[in-house]
Amino acid sequence: KRGGERREQQSLVARKRGGEGAERTSFAQTMASVEDLRPLLTLGPAETSRVRRRNHHHHDRDEKTSQPSLVQDLSSLLERRRMDWDWKFQRTAASSSSSSSSSSSSSPKCLDFAPQDLETLLSLSRSFRQEIEVCGEEFEGYARDCASVAFDAVFDWLGATLARALKGEGGAAHNLAPEWMCSKAVQLMQNFEFCRAQSHGGYLGLLREAVRALRTSEGSAKLALGDCLDNLDRTAREETNASLFPKTYFFLRMLPVMAPNLGEDLAQTRLLDLLMLFSDRNATHSDEVCKLAHECVCQVLVHAPSTTRPKAECGTGKEWDDCCFGISYVEAALRRYPLSTPYNPLAMAVVTLVRAQGEESRVPERICRMLAAAAVRVAEAGDDVRASAVRKLMFGVCGVAPLGQVARLLALYEDEIGDSRGKHGAGPHDLLTEFAAVLDAIGDYNRKPDLSSWLQRMGTRVGGQARL
């Protein structure tokens, strides 16, 4: 049966390639359009229901014999669609290439498209993903194959249209704003992340052009950020977590590329809430997504200064004002360390937050107290290596805090070292040795002499000299 179907399909393609000159001319005039993708961005509900009805009339058959017949019919339909698209796109590419070679221009002609084409494709991609989700285990293999074919076709078309338009090559797209085209490219890649094929040339070309635009254009970065967040909001309302997860993963990979051009746009509440949620491994159940979220938080702290400074140093019963995203993040990250929080993003967040403070701020002292408490908790859990890493980070705060803060920080260190046997599971000499290691890495020689003198005094006080 399969051999007969394949011969029939090959005959169909041969007839398309060899006959109907008028039909060829018509297609060459219209080129491959986004409408040619529509049949590939559906699981074929009409054909599926037809096959279901046919199988229902043969309900006396055993289920194990009727189900393969259904799958074979759907697979045949899928193969015909794949071959039909391949033929159309190859003909379009050949037509474009020949017209380009006959012209005086040396660069290939970009296939034409209109703004509504990208909007149509975005709508089709969302509905296609929803069809995939409700397909069920019965058609899981067919749905997976459909997604693969759709991905290849979509990025064939986008590689020949949108990616080349972003380069400034030909077509009506020269009238479209590059910021708008970049945002649509990012959204389309976000929507198709669930079936991404890493080696697809059209996808990689589009990704390269989008990354270039996001890095060099503030308008592209800001428009893409807003549209991606809107996409995630819509997905959270209308679809399942199975769809939200890959879209968020793609977004977290792209955010560091956009961040330098975003500034205070990174401080919007819906983005900060998203990053706080995905920085908790209990919410994502993915180490990779959790790590990406922590790295994105660091980008926010670096490029959006308002996230690192308390709104006011208040004297209304509180020792300091904690209305600051950076403080809230460090507190949550330490509470989840080391299960959900990688050390390197935590250290970068602490250093960035402390460096942003003024001479009168109490934030560095508060951060040190949180680090000390976290070190005690980790030591009690029996993880001495990670506990030592947190203590070194606490000691390192004095190397980046404003100079006016150093005296208060050294007094806090003195209290921690004096009570170290009862809390840290390590003796005073161990903590002083850790401080010496941190001191050795500090390159600020305006503060290093005072820190060295303090270390020597503390070594003498506890009954011996720490190793310098």
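**Close-up views of a predicted helical chain**

View A. Pro115 counts as partly exposed because its relative accessible area is 32%, where buried means under 20%, exposed over 50% and partly exposed in between (1.4 Å probe, protein chains only). This is a predicted model, in which local features need pLDDT of at least 70 and side-chain atom pairs count only at pLDDT 80 or more, while totals for chains, interfaces and linings use all residues. Residues are numbered from 1 along each chain as its sequence is written, and side-chain values use heavy atoms, with hydrogens and water left out. Helices (H or I, at least four residues) and strands (E, at least two) are DSSP runs numbered from the N terminus. Apart from neighbours within four places in sequence, Pro115 is in contact with Leu176 and Trp180; contact means heavy atoms within 4.5 Å. The C-alpha atoms of Pro115 and Met181 are separated by 8.7 Å, although the two residues are 66 residues apart along the chain.

**View B. The whole protein chain, for orientation.** The protein chain has 22 helices and zero strands. It holds 468 residues, of which 48% count as buried. Its accessible surface is about 22,400 Å², and 49% of that surface belongs to carbon and sulfur atoms. Accessible areas come from the Shrake-Rupley method with a 1.4 Å probe; for residues, only the protein chains shown count as cover. Among contacts with a separation of 6 or more in the protein chain, 72% are made by residues 24 or more positions apart.

**View C. The ring pair of Phe155 and Tyr203.** Rings of Phe, Tyr and Trp (its six-membered ring) pair if their centres lie within 6.5 Å; planes under 30 degrees apart count as stacked, over 60 as edge-to-face and the rest as tilted. By this rule there are ten aromatic pairs. Phe155 belongs to helix α6 (residues 140–160) and Tyr203 to helix α9 (residues 201–216), so the pair links distant parts of the chain, 48 residues apart. Both Phe155 and Tyr203 are buried. Ring pairs also link Phe151, Phe155, Phe192 and Tyr203 into a cluster.

**View D. The ring pair of Tyr413 and Phe435.** This aromatic pair is edge-to-face, at 6.1 Å centre to centre and with 65° between the planes. Tyr413 lies in helix α19 (residues 406–418) and Phe435 in helix α21 (residues 428–441), so the pair ties together parts that are 22 residues apart in sequence. Tyr413 is buried, with a relative accessible area of 0%, and Phe435 is buried at 1%.

**View E. Arg129 over the ring of Phe194.** Arg129 lies over the face of Phe194, at 4.2 Å from the ring centre. A charge sits over a ring if NZ of Lys or CZ of Arg is within 6 Å of the ring centre and within 35 degrees of the ring normal.

**View F. Ser220 in helix α10 (residues 218–238).** Ser220 counts as buried because its relative accessibility is 2%. Apart from neighbours within four places in sequence, Ser220 is in contact with Pro178, Glu179, Cys182, Ala213 and Leu214.

**View G. The buried residues of helix α12 (residues 269–278).** In α12, Leu271, Leu272, Leu274, Leu275 and Phe278 are buried. Seen down the axis of α12, its buried residues fall within an arc of 160°, so they line one face of the helix. The arc is that of the directions from the helix axis to the C-beta atoms.

**View H. The cis peptide bond between Tyr337 and Pro338.** Omega of this bond is about 0°. Pro338 lies in the loop between α15 (325–336) and α16 (343–355). Most peptide bonds are trans.

**View I. Cys195 and Cys290.** Cys195 is buried, with a relative accessible area of 13%, and Cys290 is buried at 4%. A search of the whole structure finds zero disulfides, a disulfide being a pair of cysteine sulfur atoms within 2.5 Å.

**View J. Asp444 in the loop between α21 and α22 (448–461).** Asp444 is partly exposed, with a relative accessible area of 25%. Its C-alpha atom and that of Val400, 44 residues apart along the chain, are separated by 8.8 Å.
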